[in-house]
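Hello,

Here is the model I promised to pass on. Please have it open while you read; my notes follow below.

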Amino acid sequence: MNSTVFEMIIRVFGAFLSIYSFAVLLQVPRHFVLQAGIVGAIGGFVYLLAIHFGRGDMMASLYSAVAAAVVSHIFARVYKTPVTLFLIAGVLPTVPGNGMYQTVHYLIDGNEAMSEFYLIQTLEIAGVISLAIFVVDTFFQAFQKSEWKQNSMKYVRKIVPGAEEPQNTEKREK
C-alpha cells in the first residue's frame with residue numbers, strides 16, 4: 001500500500017476520532033455521536049484530498065465545508081434533528097486553528113507583518129467556511145417543503161384555495 005494512502009487513512013481516522021470525542025464533549029445526544037464523527041471524517045477526507053491534488057488551504061477548506069454541510073443536511077433530514085447537531089462537529093477539521101495560533105504567536109513576538117499575514121489568511125478561510133455553509137443551507141431551504149414562503153424581505157403565508165384569509169384584528173385609531 002502506498003505510504004500516502006496509508007497516511008491519509010490514518011489522518012481521516014484521526015479526524016473521525018477527534019470529532020467523535022468533541023461531539024461527546026459538546027453533549028451531542030449519544031445516538032448521534034457516531035454520525036457527527038462520520039461528518040467530521042468526511043470533511044477531513046475532502047480537505048486532505050483537495051490538499052493532495054494541489055489546492056490551497058482556502059479552496060480545500062471550501063470543498064471540505066461544502067461536503068460537511070451537505071452530509072449534515074442529509075443526516076438532519078434522515079434523523080429528523082437540527083442541522084447544527086452535525087454541522088458544528090463536521091466543520092471542525094477545516095477551522096483554521098493553526099492560523100489563529102500563528103497570528104497570536106507573531107503578535108506576541110512583535111512580528112506585525114507575519115501576524116497580519118496569518119490574520120488575513122485565517123479570516124479568509126473562516127469566511128470561505130461560512131460562505132460554504134450559507135450556500136448549502138440556502139440550497140436545501142430552496143427545496144424544502146414548507147407552509148411559509150419567502151416574498152421579498154418578509155415571510156408571507158401561502159394562500160391555500162378554499163381557505164379563509166386571516167382577519168386583521170388591529171383596531172384603527174380615529
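Which residues touch the most other members of the largest nonpolar core? They are V28, V39 and F86, in a core of 24 residues. By nonpolar core I mean a set of buried Ala, Val, Leu, Ile, Met, Phe, Trp, Tyr and Cys residues joined through side-chain atoms within 4.5 Å; buried means under 20% relative accessible area, with a 1.4 Å probe and protein chains only. Two or more residues each come from helix 1 (3-25), helix 2 (33-52), helix 3 (57-79), helix 4 (84-90) and helix 6 (112-142). Helix 3 is the biggest contributor, giving 6 residues. There is also a second, separate core of 5 residues, with M8, V12, F16 and A41 among them.

Some background before the details. This is a predicted model, so local features need pLDDT of at least 70 and side-chain atom pairs count only at pLDDT 80 or more, while totals for chains, interfaces and linings use all residues. Residues are numbered from 1 along each chain as its sequence is written, and side-chain values use heavy atoms, with hydrogens and water left out.

The overall picture: the protein chain has 6 helices and 2 strands, in the order α-α-α-α-α-α-β-β along the sequence. These are DSSP runs numbered from the N terminus (helices: H or I, at least four residues; strands: E, at least two). Of its 174 residues, 30% count as buried. The accessible surface of the chain is about 12,600 Å², and carbon and sulfur atoms hold 63% of that (Shrake-Rupley method, 1.4 Å probe). Taking contacts (heavy atoms within 4.5 Å) between residues at least 6 apart in sequence, 56% join residues at least 24 apart.

Now back to F86. Beyond its neighbours within four places in sequence, F86 is in contact with F32, Q35, A36, V39, S72, F75, A76, Y79 and T81.

One of those partners, S72, is worth a look. S72 sits in helix 3 and counts as buried because its relative accessible area is 0%. Residues up to four places away aside, S72 touches V39, V83, F86 and L87. Its side chain also reaches the backbone nitrogen of L87 at 3.4 Å, which falls under polar contacts (pairs of N or O atoms within 3.5 Å, one able to donate a hydrogen and the other to accept it; residues adjacent in sequence count only if both atoms are side-chain atoms).

Finally, G43 in helix 2 is buried, as its relative accessibility is 0%. The C-alpha atoms of G43 and A89 are 9.7 Å apart, with the two residues 46 apart along the chain.

Best wishes

Definitions and conventions
Buried < 20%, exposed > 50% of the residue type's maximum accessible area, 1.4 Å probe, protein only.
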